[in-house]
Amino acid sequence: MSSEPGPEKLFALDVMLGKLAKWLRVLGFDARVKNLSDPGDVPLLVSSGFIPVTRREKLMQTRGVVFIENDRAFAQLKEIISKLGLYKSSPRMFSRCTVCNAALNAISKEDAFGGVPDFVFETATDFRKCPECSRIYWAGTHRKRMLERIESITEWKQETEGRNDGGE
Ligand SMILES: [Zn+2]
């Protein structure tokens, strides 16, 4: 059995774990929210490459499922990082929309004009836009705070270079 973590993990978060899904997206993981109320759906998810994550006790012993014990989202993040050894992954932080899970596209500062508050436009760098909901993300104080929390439980450091691939 290979324990080598793949570069792309596909998470299927149960409906009660929406906040954890957002945190995983902040880290750059593909984190979808699925209703795992039917245990019969789980084997197909696993064979399709998903890692189902749930707090349902009836799925506790199901093969391939990550059972989460903690109540609070950040503790859950810490738990899943520890259980799956995600420390070894090198996720691309802040590369996904936390709302839709879509991969963000780097955009120029000019393209961010009008889409972000004025003070952000003046001071921020590294603008990225969601192709689904058009939300614009940038490197700023909010991201810095999230990063500090993430760094408190991992050894990841922020990738500072912006990718300039302009989208699909
Ligand atoms: Zn979005």
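A residue is called buried here if 20 or more other C-beta atoms lie within 10 Å of its own, exposed if 12 or fewer do, and partly exposed in between, with C-beta atoms placed from the backbone. The structure is a predicted model, in which local features need pLDDT of at least 70 and side-chain atom pairs count only at pLDDT 80 or more, while totals for chains, interfaces and linings use all residues. Residues are numbered from 1 along each chain as its sequence is written. Helices (H or I, at least four residues) and strands (E, at least two) are DSSP runs, numbered from the N terminus.

The buried residues are Leu 20, Ala 21, Lys 22, Trp 23, Leu 24, Arg 25 and Val 26. They pack against S1, S2, H3 and H6, where a contact requires C-beta atoms, placed from the backbone, within 7 Å. After H1 comes Gly 28, with a positive phi near 100°.

Because four of its five residues are buried, S1 is largely enclosed by the rest of the structure. Strands are taken to pair if DSSP finds at least two bridges between them. S1 runs parallel to S2 (residues 30–34), and five bridges join the two; Leu 10 stands opposite Asp 30 in S2. From S1 the chain passes through H1 to S2 in a right-handed β-α-β crossover, meaning that, with the strands pointing away from the viewer, the path from the first strand over the helix to the second runs clockwise. S1 is also parallel to S3 (residues 50–54), joined to that strand by four bridges, and Ala 12 has Pro 52 as its bridge partner in S3.

The largest nonpolar core holds 25 residues, and those with the most contacts inside it are Phe 11, Leu 13, Leu 20, Leu 24, Leu 27 and Val 53. Such a core is a set of buried Ala, Val, Leu, Ile, Met, Phe, Trp, Tyr and Cys residues joined through C-beta atoms within 7 Å. Two or more residues each come from S1 (10–14), H1 (18–26), H3 (73–84) and S7 (136–139), and H1 gives the largest share, five residues. Not counting residues up to four places away in sequence, Val 53 touches Phe 11, Ala 12, Leu 13, Asp 14, Leu 17, Val 66, Ile 68 and Ile 80.

How values were computed. Contact = placed C-beta atoms within 7 Å.
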